[in-house]
Amino acid sequence: MFDEFKTSIATQLAVLTGAAVKDIVEAIEIPRSNAHGDLAVTIPRLRIKGNPVQMAKDWAEAFKVDEVITDAVSTGPYINFRINRQVLTRKVLSDIYKTQDKYGWTNEGAGKRVIVEFSSPNIAKPFHAGHLRSTIIGNLIYNLYRANGWDAISMNYLGDWGKQYGLLAVGFERFGNEEKLVADPILHLFEVYVAISAAAKEDDSLNDRARAYFKSMEDGDEAALALWKRFRDLSIAKYKDTYARLNIKFDVYSGESQVGEAMNRAMTMLEECGLITESEGAKLLNLEKYKLGVTPVRKSDGTTLYLTRDIGAAIERFEKYNFDKIIYVVSSQQDMHMKQFLKAIDLIGLPYANRFQHVNYGLVRGMSTRKGTVVFLDDMLRESKDIMHSVMRVNEEKYMKVTDPEHTADVLGISAIIVQDMLAKRIKDYDFDWKRILSFEGDTGPYIQYTHTRLCSIERKAQGTIKVNPDADVSLLTEKHAYEIVTLLAQYPDILASTLRTLEPCTIIHYMLELSRTVSSAIEQMRVLGTPDDVAEARLLMYWSARAVLKNALTIIGLEPLTCM
């Protein structure tokens, strides 16, 4: 949005400073407070010898303002610039009206392909609330790359292979019930797994049988694979229901079981690079030289392990998708594994090793029901929905106007959980707090949704009296609240770019909260109905634009924007 203004400033500063226009543009930022201006240049970033404070003063005085850039003032090592309010307002509201759902999107990634691997639960186990972070952070990253013009592929790499599935098969023989499996496959398989795991602690022969069963799976035994495939298919079907509820759809369902002969190629490469040692028949990857320890890559019975399959999967993915970048959204608990994986990729000499990126995140503490029991994600979503439904029913008059209160309550509950999760830096651990997240006030998901519905209500009430007019006289938007809203709307493209650059969800969340607070304050002071038609038109266009941007932001973070609640 600010690109043409940045270019105008940079072009003149290039003459004064001798720096390249491109370097100056990169040094121009949006100040944290608009009291300092609309745009600012950080002089030290230009890497020009001299006193940055004095240079800022001299160049600000020499800068020639015009009808667009109306002021240039130095503050320490910064030069702050003001943009003509009417010019800015007209351009911002016009651009939003023209681009609507694509406002802030770019084509900078055109012709490039990115794979974002996220969520990755273990099959035959309920989707635990702890998996939520990878799922929603990964979905945001996927949406950000799409908005930047990349050919983005969302991939769910399921944990669907290993000795535990041999144990599950052995357990199903003893504890399985066909009726329960059909009625609720995920829950029943989990119950079977818990029961057989407990039994195996008392009878080690069950572990031997599980290892033998998994070995038969790796050897291609049809009967063993048929049962495993049934468990896998039932799990995916259940997961898809949960993902649909979270407004997420994966382009590719992959898994450890899908990795083919590339595993053997990976082992050969590791051995040829002298990275493999043997111990009691098992093969180990030795990365002690890089302070990354020693980790097994193949058991003594010949069965594969996580790292082997991950490297094989990486090779096969590049051969199939020819990606320009691949991002793994994996918990900080797996930092060592990911460092070993990325170092191994580098050491075996893959020419595309620099295209891999690990995006990690911290842990959620205290994620349980309000009664204090640790739960699966479906339980969390059910409880948040029920609480929101109860809150909605307090105002019976408004409740009766909601078309689908059950669905609305569900979206509100999901919004509450997702916004709290994204509120802080992703690497930070945080405490899950039911009381805070379910509030309709403060820094919460329901508050953002409430603001969006208020903006929708303004449009509905104006229908038949005032229409959204892109040619409205925006010079009538002279109020301080209007200036604050327009300034925030102008920042949205830069917010998207910043969020993509850092992959920090909190950047866009804090923007949405600030926009919501600013809009809420303006609504109390700047009414649409009951004002002269030309003023009403200008204000309606502004509120319509704010609603469009808030809707876009909600969609980017993976939430369905509500229109009534």
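Trainee: How many aromatic pairs does a search of the whole structure find?

Mentor: The search finds 21 aromatic pairs. Keep in mind that this is a predicted model.

Trainee: What makes Tyr-103 and Tyr-492 a stacked pair?

Mentor: Their ring centres are 6.1 Å apart, and a pair needs centres within 6.5 Å. Their planes meet at 20 degrees. Planes under 30 degrees apart count as stacked, so the pair is stacked.

Trainee: What does that pair tie together?

Mentor: Tyr-103 lies in the loop between α4 and β5, and Tyr-492 in helix α19, so the pair ties together parts that are 389 residues apart in sequence. Both tyrosines, Tyr-103 and Tyr-492, are buried.

Trainee: Why is the pair of Tyr-145 and Trp-150 called edge-to-face?

Mentor: The angle between the planes is 90 degrees, and over 60 counts as edge-to-face. The centre-to-centre distance is 5.1 Å, against a limit of 6.5 Å.

Trainee: Are Tyr-145 and Trp-150 buried or exposed?

Mentor: Buried means under 20% relative accessible area. Tyr-145 has 6% relative accessibility, so Tyr-145 counts as buried. Trp-150 has 14%, so Trp-150 counts as buried too.

Trainee: Which residues form one aromatic cluster?

Mentor: Phe-318, Phe-323, Tyr-328, Phe-341, Tyr-352 and Phe-356.

Trainee: How do you know that the charged end of Lys-102 sits over the ring of Trp-105?

Mentor: The charged end of Lys-102 is 4.7 Å from the ring centre of Trp-105, and the limit is 6 Å. Direction counts as well: the charge must be within 35 degrees of the ring normal. Arg-317 lies over the face of Tyr-157, at 4.7 Å from the ring centre.

Trainee: What makes Ser-520 buried?

Mentor: Ser-520, in helix α20, has a relative accessible area of 11%.

Trainee: What joins β9 to β10?

Mentor: 4 bridges, and these strands run antiparallel. Leu-284 in β9 is the bridge partner of Thr-277. In β10, the bridge partner of Leu-284 is Pro-296.

Key. Residues are numbered from 1 along each chain as its sequence is written. This is a predicted model: local features need pLDDT of at least 70, side-chain atom pairs count only at pLDDT 80 or more; totals for chains, interfaces and linings use all residues. Side-chain values use heavy atoms; hydrogens and water are left out. Two strands pair if DSSP finds at least two bridges between them. Helices (H or I, at least four residues) and strands (E, at least two) are DSSP runs, numbered from the N terminus. Rings of Phe, Tyr and Trp (its six-membered ring) pair if their centres lie within 6.5 Å; planes under 30 degrees apart count as stacked, over 60 as edge-to-face and the rest as tilted. Buried means under 20% relative accessible area, exposed over 50%, partly exposed in between (1.4 Å probe, protein chains only).
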